[in-house]
Amino acid sequence: MAPALILPSPPELSHFRPEPVQTLHSKQPILLTVRPNLNKAPALELPGLYTKPSAILLLKYLVHLTLLPPSWDGPPADTLVAPPGPTKWLTSIIASPLHWIADEETQEQIWNSASARLAERCGRTAMPSTTRTFRIPLSSETLELTIHEPTLTADNLGLKTWASSYLLSKRLLQLPLPHFAPGARILELGSGTGLVGLSAAGMWDVPVLLTDLPEIMPNLRRNVDANRAILKSRVDVAVLDWRDDAGGRRECEKFDVILAADPIYSPEHPALVAGMVDVWMKKGPQARAVVEIPLRDGFGREREGFKECMSAKGLVVMEQGVETGFDDWGNGEVQCWWSVWGWDERCLV
């Protein structure tokens, strides 16, 4: 018989949301929460299935093994690292008929919980849907935005929040943007989960339009609705395909500021993004486009192509820099180039 597995307890999860658990004798949900002592760091003994542990005990340990998304405010070493042992234990639960647990609904709950814990240990693409809080520092307070990310499907990367979005959200207040005149508006291209545009709406009293492709809309609207009560300005959501011919826009239809985070991940994107800026940004000395792009290996040509395309449209870099952030994709650490663009004076004559 295999002995029970011993592994260190994870640190206290200060913003952990416990899972509802139903007992065998009652349909009323109860909450199982494990809050280990950080100083003593007691060991967690995972019960062997040969001992026929009760449903409540299994669910308790499954809650304890929850892995939250890593922090984006520090390096990966600061986040909880999953020991290798639980994977085998979780797999054995999924494979077990749990014949000693009579209630079929409880069996299903245990299998689902074990599957979720296993998925959390298989990388970002295997993780179930998650909701996390991003904290954006303002002048005298902190803006806390709740962002939901569905399970990534069909390689739809717009359903994930990327490090560049978080970095740009925190940088907005530090940027040399002109004073917003009455009637000013902000447009975000490729909003994804909406973090950047919602951050702008939470710090400025300027209407913001979040845009992306049709398949991104349901989750984007969900995140707007979840945060609407704490925003300073009106936020709308609309479909915008960069390939659509949107030329001939009147100046009153255009925007004072355009935001874009991580919009370049295909050879065709540099020209498309520059084209959208050309079409939708007002032709004035105060208009600005703010773009943050990760310095990913293998995409140097696209980044240079973006600069060339923006220059060809008559745009110049007003200010730029490189900063480092952290993500839950790849090795965690990400370097990003941010840039603020305005119209060349010769285009305004």
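At what angle do helix α7 and helix α8 pack, and how many Å apart are their axes? Helix α7 (residues 269–280) and helix α8 (residues 300–312) pack at an angle of about 30 degrees, with axes 8 Å apart. That makes α7 roughly parallel to α8, a label for angles under 35 degrees. Where they meet, Pro270, Ala271, Val273, Ala274 and Val277 of α7 are in contact with Glu302, Gly305, Phe306, Cys309 and Met310 of α8; contact means heavy atoms within 4.5 Å.

This is a predicted model, where local features need pLDDT of at least 70, side-chain atom pairs count only at pLDDT 80 or more, and totals for chains, interfaces and linings use all residues. Residues are numbered from 1 along each chain as its sequence is written, and side-chain values use heavy atoms, leaving out hydrogens and water.

Here are the helices side by side.

| Helix | Residues |
|---|---|
| α3 | 104–120 |
| α7 | 269–280 |
| α8 | 300–312 |

Now look at α3. Its 17 residues should span 24 Å at 1.5 Å a residue, and the end C-alpha atoms are 25 Å apart, which agrees. Asp103 caps the N-terminal end of α3, with a side-chain oxygen 3.2 Å from the backbone nitrogen of Glu105. Buried residues in α3 include Ile110, Ala114 and Leu118; buried means under 20% relative accessible area (1.4 Å probe, protein chains only).

Finally, find Phe255 in the loop between β9 (235–239) and β10 (257–261). Phe255 counts as buried because its relative accessibility is 3%. Phe255 and Leu187 are 68 residues apart in sequence, yet their C-alpha atoms are 6.3 Å apart in space. Beyond its neighbours within four places in sequence, Phe255 is in contact with residues including Leu187, Leu209 and Trp280.

Notes. Helix = DSSP H or I, 4+ residues; strand = E, 2+ residues; numbered from the N terminus. Buried < 20%, exposed > 50% of the residue type's maximum accessible area, 1.4 Å probe, protein only. Expected span 1.5 Å × (residues − 1). Polar contact = N/O pair within 3.5 Å; in protein donor to acceptor, adjacent residues only side chain to side chain. Axes fitted to C-alpha atoms, helices over the stretch in contact; angles between N-to-C directions. Parallel < 35°, antiparallel > 145°, perpendicular 65-115°, else oblique.
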